[in-house]
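Please keep the sequence and the model open while reading.

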There are 4 protein chains.
Amino acid sequence: MGNTFGHLFRITTFGESHGGGVGVIVDGCPPRLEISAEEIQFELDRRRPGQSKITTPRKEADQCEILSGVFEGKTLGTPIAILVRNKDARSQDYDEMAQKYRPSHADATYDAKYGIRNWQGGGRSSARETIGRVAAGAIAKKILKQVAGVEIIGYVKRIKDLEGMVDPETVTLEQVESNIVRCPDSDCADRMIELIEQIGRSGDSVGGVVECVARNVPKGLGIPVFDKLEADLAKGVMSLPASKGFEIGSGFAGTVLTGSEHNDEFYTDEHGNIRTVTNRSGGIQGGISNGESIIIRAAFKPTATIRKEQRTVNKAGEETVLAAKGRHDPCVLPRAVPMVEAMMALVLCDHLLRQHGQCSILPQ
Amino acid sequence: MGNTFGHLFRITTFGESHGGGVGVIVDGCPPRLEISAEEIQFELDRRRPGQSKITTPRKEADQCEILSGVFEGKTLGTPIAILVRNKDARSQDYDEMAQKYRPSHADATYDAKYGIRNWQGGGRSSARETIGRVAAGAIAKKILKQVAGVEIIGYVKRIKDLEGMVDPETVTLEQVESNIVRCPDSDCADRMIELIEQIGRSGDSVGGVVECVARNVPKGLGIPVFDKLEADLAKGVMSLPASKGFEIGSGFAGTVLTGSEHNDEFYTDEHGNIRTVTNRSGGIQGGISNGESIIIRAAFKPTATIRKEQRTVNKAGEETVLAAKGRHDPCVLPRAVPMVEAMMALVLCDHLLRQHGQCSILPQ
Amino acid sequence: MGNTFGHLFRITTFGESHGGGVGVIVDGCPPRLEISAEEIQFELDRRRPGQSKITTPRKEADQCEILSGVFEGKTLGTPIAILVRNKDARSQDYDEMAQKYRPSHADATYDAKYGIRNWQGGGRSSARETIGRVAAGAIAKKILKQVAGVEIIGYVKRIKDLEGMVDPETVTLEQVESNIVRCPDSDCADRMIELIEQIGRSGDSVGGVVECVARNVPKGLGIPVFDKLEADLAKGVMSLPASKGFEIGSGFAGTVLTGSEHNDEFYTDEHGNIRTVTNRSGGIQGGISNGESIIIRAAFKPTATIRKEQRTVNKAGEETVLAAKGRHDPCVLPRAVPMVEAMMALVLCDHLLRQHGQCSILPQ
Amino acid sequence: MGNTFGHLFRITTFGESHGGGVGVIVDGCPPRLEISAEEIQFELDRRRPGQSKITTPRKEADQCEILSGVFEGKTLGTPIAILVRNKDARSQDYDEMAQKYRPSHADATYDAKYGIRNWQGGGRSSARETIGRVAAGAIAKKILKQVAGVEIIGYVKRIKDLEGMVDPETVTLEQVESNIVRCPDSDCADRMIELIEQIGRSGDSVGGVVECVARNVPKGLGIPVFDKLEADLAKGVMSLPASKGFEIGSGFAGTVLTGSEHNDEFYTDEHGNIRTVTNRSGGIQGGISNGESIIIRAAFKPTATIRKEQRTVNKAGEETVLAAKGRHDPCVLPRAVPMVEAMMALVLCDHLLRQHGQCSILPQ
């Protein structure tokens, strides 16, 4: 367990940074969905390293192979296994890290937990692990789109203290992909790119906030009490590497309002649908989607592996210093965007199936 | 599903606000733990309404009965069922709400999801549901204390914009319980109480932030990748009623630092233990506890049910207004403290057993 | 875990023979199902002790109370908790058994596993535990009936070497309930009753075989590969107390046929439905229901607790003898019938929802 | 779901007969176990087709590759992914079966469930799927051996009506592997081989019974009530292709004994261990292992795919005849032996970890 996510639409990921490869099994996918390796590759390409001057220069094509579960272009309903081979291994970059623990990385805790660790490239704690999630997320997105017209769009909202202005109700994928930092506010994007380049040159790193919206989500998704939609979204996002915080709707800022300021009043729109005037709830009330846009934010800390020298200890507990070698992202945010979208898609797709299975079988 | 939480130490809660009662089944509890109804009642009393002038005046004794799983004062290893009967029902307060949806409450979404709703007292969306969690959390706390000396202490960190100064490394339960708002900064507590009373009188409500620390947590808890410790904590906390955000360690504030500012450097202490100089990680690195204190924060929105008049619609979609009757907390924070502690305890206890089951069976 | 069964339609049982009570939580029940305590009680009455001269004379009314999840006669979609209080405790009958292990009973293994045991009435290993299953099974039966017209009928097929002639395609509940041994072959039933009475007088016990048929099961239920329908049925049945074997369709007898003798040839019936000429498959092929009747058999050993003196040991390992006191069934088969039906219903209902959730969401 | 088995030691299999390959992810494996691809290959070679004159002549090397989870010869505690590429595809053998449903096979039910089917080689319903189980079972066996000295040995007990005499307490792997039918009674084995060859020549098939013993199983494994050890064993075995029945200990034969004849009386052996004089319980009482040998039996029907002509229908429901082409086992039993062993190992290993996680964390 621990490497499985979801109930009806359920994924299990595997793989370390170095070794045979990384991938995912998607179990419970509805049959008869048209899906191709190209559609999955589209999302993997948004995630892969080396895609721009502000990401790690590691060149990994991350080419995916569908091993099972798809036949003549359609899903079979049986497990879909997707494999991405590992390549471009420069494990000598990690020789020093085999002994010295990187501050705020997973090296020391993996050793403490397992008593053994694949120190090459971070092993299982590498962001390469998210390949499986993003591949599965591509399938989930397609189901959501096809069944309910759901659109999921993530973007960089903030890098360090540079915050973009973005309207989640209207932002498009094209706007997000129009620049390499994936911030749809193009003026702010320019400044973000400049900051990342500068911080990267200095051997340091920065973090920020990704915002993600899901539009056209049907009412009724999410299961009280533990599998509330925001609870599963929080788990999904907080299981991503480097995440430190999660918000839905008004989030922490909402706590300084009074109830009368914060509540989303109801009205009935021209189609007779019950809607809310505002959306501080972020599309979820009582753990269940209300038909408004679902809006979440994830905080990502600055990359832990930096070239600047830091105090640390080695496996024997002896104090030493470490200036990390290797090719690391000075900022994970641009590549985190497809990861957050994937987790949003996986949670919504699972709940779409669960809602259908439980609540639509008896006549209304 | 949906009402079950945890894997090895697993709880399932049941019950609506009105009806036969609410409760919990704890499955997978280690056998031979000494536990009494009194120990569970202690935590329930911290959660129950009517405990002070700043909580709802509903008088509910919330007396628990252990139905099974305990014999001669010790756990059997079989399911522990705990029942709290519902009392003091004034469902007439809810007559109007049977028809009119409370803004930002679960009324409308329950109807959308299930096509039916127990409108009395909020039904399953009532905070009464958390009785089961708090009862189970009392057992989890005792296991953690006994096996590893873990201490879990939650407190109100902020009400609206009033923020207390609290040191999570030294704060005590006595300090928390020394005032009715459960903020260990007593000066700030006085102002918080005053604010809540004032806002309550005005028919409005306020929110805030609960912080919770777990000290003496063993290294090695948490399972990459989806069941990272912070991911399960986030899910646990975000499944609580009214929660809108979650942070671990530096949280959102950490995103404005650079990597070299944010990283927790290692050193070896006088006992030969590998420790970190700072704790921006919040006790978790790579999803696994590192032996430092685990520090989380949860944002709770202002109570949705308020006496002030608001625009809303009824079940038929007709626009109307609602000024809620009934006896509602103007601020859920003081009672949310034991709930956050319970979720922390449930997550840690489950992972303690999972770590023991997987990683201690072969010789080191 | 361990006390939970099913995925979408999921039950968790609790309770020991003596103590506060026994019961069940049903999670994932479709909302808006009409259900009453009386309908559940009907099945519990078929299970309860003291119902006839060939069952234990313990008088337990086993009156059920629905604690939650039902409102104005309909399910809410939230957890349904059902409680049956324990009564008529004569724990002094068990004083000797607190020390001496009953041969082929669970006394010794519970001690070995848990290091503690509720020795009163067998504790959690008592057949009283099945009350929760039977109560939940009543709900599952109603859903199956309502959604798909499924009929589930169990009966005693054999007691010791007395085997009844029963046609699973036509047998009715009325025939089953027409005699106290629940064998629809009335001549054979008379001999069975005589045998059980005689064996009971001698202080000994007998076992036998329960057969159970589910008619009108929709095609497509069951999920390859581990959750094949027969695999889940086998688990359900083999989790019942005293069960020693499970068969589907031709079972062990089918292994002496050749493939050409055993295969069920296909034809198309007058309604254009693809059917099989014979039904040695027992209604399941490749783990998936094929629309024919599902026919299973369960072997139940003779009751372990007997009044005849047997060699045993006590907790200290000292050899001794035991002639059990207390009021025990000389034959569990008549009361096992509703238990097997319940497990059949729970498995089918869970798979009905799972099939609906996964396979009906995209257009055919 | 549906393709995952186990809780703490959990496997997920994937793959169809034709396509990229088949395999398994093992999640929850204890870290620091020495394991090699050769050890896994040993078991796969016992399962693979073409291994002898009485199995299908398809030549599939079934060479496994460990993709992840093992580093420098030891398990990491992270998911172990194992892949076996598909080869030797002669899908033209299946052209006719793309249209015509094989009687008693999964063709028709897969179509009914999913509305789509990979008809090449049976797709997911092919016995190739068991490669993943057998590979994972090899790891489980090693853990059981290393932690507790558990030995798991399966063998062919019966082919059609030819039954071997085997003592489960003393049988060795060498005896089982000494002949190609895997029946340790060598005289009977000769007759079995002759029968299989003869039936194969006639274009027909036969079934039989596999028996499997686990010796040195620690007391205390198995969790009442639903995850009783025999219930999980039954599910595991009944999820294997072609299985029709399951027995533990005395099984169906035990139902003709009286309680006094059937009960296993206790004694204390020379080491002070509580033992049973007989073992009709099959090593499990009350769902929990009692330290005696666990003995199970599985009924396998005759292979459904035969060369003899049979009545059937095509996808359009038109009646026709089919004489299957392709290279099929006239008897699956010899190759089913490692499959049954694998399921026994998977269940015991999972329960070993679960027992350790729940019951050994508090002092006795």
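Which residue in E16(D) stands opposite D:Ala214? The residue opposite D:Ala214 is D:Ile294, where helices (H or I, at least four residues) and strands (E, at least two) are DSSP runs numbered from the N terminus. This is a predicted model, in which local features need pLDDT of at least 70 and side-chain atom pairs count only at pLDDT 80 or more, while totals for chains, interfaces and linings use all residues. Residues are numbered from 1 along each chain as its sequence is written, chains are lettered from A and ligands numbered from 1 in the order in which they are written, and side-chain values use heavy atoms, with hydrogens and water left out.

Strand E10 (residues 208–215) and strand E16 (residues 294–300) of chain D run antiparallel and are joined by 7 bridges; two strands pair if DSSP finds at least two bridges between them. Both strands belong to an open sheet of 10 strands with antiparallel pairing, in the order E9(C)-E8(C)-E10(C)-E16(C)-E11(C)-E11(D)-E16(D)-E10(D)-E8(D)-E9(D). Strand E9 (162–163) of chain C and strand E9 (162–163) of chain D stand at the edges with a single partner strand each, so one side of each has no neighbour in the sheet. Where the chains meet, E11(C) and E11(D) pair in the antiparallel sense over 3 bridges, and C:Gly245 has D:Glu247 as its bridge partner in E11(D).

Helix H7 (residues 229–238) of chain C lies across E11 and E16 of chain C together with E11 of chain D, running at about 155° to E11(C); such angles run from 0 to 180 degrees between N-to-C directions, with axes fitted to C-alpha atoms, for helices over the stretch in contact.

The contact between chain C and chain D (heavy atoms within 4.5 Å) takes 108 residues from each of them. About 8,200 Å² is buried between chain C and chain D, with 59% given by carbon and sulfur atoms; buried area is the accessible area (1.4 Å probe) that two parts lose on being put together, summed over both. This interface has 4 salt bridges, each a side-chain nitrogen of Lys or Arg within 4 Å of a carboxyl oxygen of Asp or Glu. The side chains of C:Asp232 and D:Lys235 meet in a salt bridge at 2.4 Å, N to O.

Chain D also touches chain B, through 21 residues from chain D and 21 residues from chain B. Chain D and chain B bury about 2,100 Å² between them, 65% of it on carbon and sulfur atoms, and the count of salt bridges between them is 0.
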